[in-house]
Amino acid sequence: HKGFHFSSAYYFGNESASDDLSVYSMATREGNDLFSSFVNCVVLATMYAEEEDIGKENYKGIPQISLFGPQFALSLRDAISYSGSYNELYAKHFGEYDDKDRGRNILNNRGGPKIHSLPGLAAQSHSINT
């Protein structure tokens, strides 16, 4: 039996750290790594577009890519021209929110590190017995 590949998460629920955390991502069938990578690039492109203040109206600011061959060079631009940035998608499906009200779904694009830890997980110290 084949399983699934999952893209980078694009939405996190607002549960507390002690509850199960809802994480949404795109799923593709295992066995087609190239397509799974492409889907992940589209998800990440929406976040890149928000970071660079690119949306449906100025989608040509999205760089062309050569990763998937010349026939797909404009694919990320096409995705943003159709759906918009992460912020535009969020507003379309959940309404307009101030950054402070978006909880775990705010992008860290205001300076600082881009490293993203899993939200909602409490930092705990663990000792490993060897």
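These are my notebook entries on a predicted model of one protein chain.

**Entry 1: the overall layout**

I began by listing the secondary structure, and I found three helices and four strands. Reading from the N terminus, I wrote down the order β-β-β-β-α-α-α. Next I looked up burial: of the 130 residues in the chain, 28% are buried. The accessible surface comes to about 9,400 Å², and carbon and sulfur atoms hold 53% of it. I also checked the contacts with a separation of 6 or more, and 55% of them join residues 24 or more positions apart.

**Entry 2: the cores**

Which residues make up the largest nonpolar core? I noted eight: Ala-45, Ala-49, Ile-54, Ile-62, Ile-65, Phe-68, Leu-76 and Ile-80. Helix H1 (33–51) and helix H2 (75–83) are the elements that give two or more residues to this core. A second, separate core has six residues, among them Val-43, Met-47, Tyr-86 and Tyr-90. My reminder to myself: in soluble globular proteins, nonpolar side chains tend to be buried together.

Setting aside neighbours within four places in sequence, I found Ala-45 in contact with Ile-62, Leu-76 and Ile-80.

**Entry 3: Ser-75**

Ser-75 is found in helix H2. Is Ser-75 buried or exposed? Its relative accessibility is 12%, so I put Ser-75 down as buried, the cut-off being under 20%. A polar atom of the Ser-75 side chain lies 2.7 Å from the backbone oxygen of Phe-72. Leaving aside neighbours within four places in sequence, Ser-75 is in contact with Phe-38 and Ile-65. I had already met Ile-65 in the largest nonpolar core.

**Entry 4: Gly-84**

Where is Gly-84? I found Gly-84 in the loop between H2 and helix H3 (86–94). Gly-84 counts as buried because its relative accessibility is 0%. Beyond the neighbours within four places in sequence, I listed its contacts as Thr-46, Lys-56, Ala-79 and Leu-89. I also looked up Glu-57, which is 27 residues from Gly-84 along the chain; the two C-alpha atoms are separated by 8.2 Å.

Tyr-10, Tyr-24 and Met-26 make a nonpolar surface patch of about 280 Å². I placed Met-26 in the loop between strand E3 (23–24) and strand E4 (27–29). With a relative accessible area of 39%, Met-26 is partly exposed, because that class runs between the 20% and 50% cut-offs.

Key
Residues numbered from 1 in each chain as written. Predicted model: local features only at pLDDT ≥ 70, side-chain atom pairs only at ≥ 80, totals over all residues. Heavy atoms only, no water. Core = buried A, V, L, I, M, F, W, Y, C linked by side-chain atoms within 4.5 Å. Buried < 20%, exposed > 50% of the residue type's maximum accessible area, 1.4 Å probe, protein only. Contact = heavy atoms within 4.5 Å. Patch = residues over 30% accessible without salt bridge, like charges linked within 9 Å, V, L, I, M, F, W, Y side chains within 5 Å. Areas by Shrake-Rupley, 256 points an atom, 1.4 Å probe, with all protein chains shown as cover. Salt bridge = Lys/Arg side-chain N within 4 Å of Asp/Glu carboxyl O. Polar contact = N/O pair within 3.5 Å; in protein donor to acceptor, adjacent residues only side chain to side chain.
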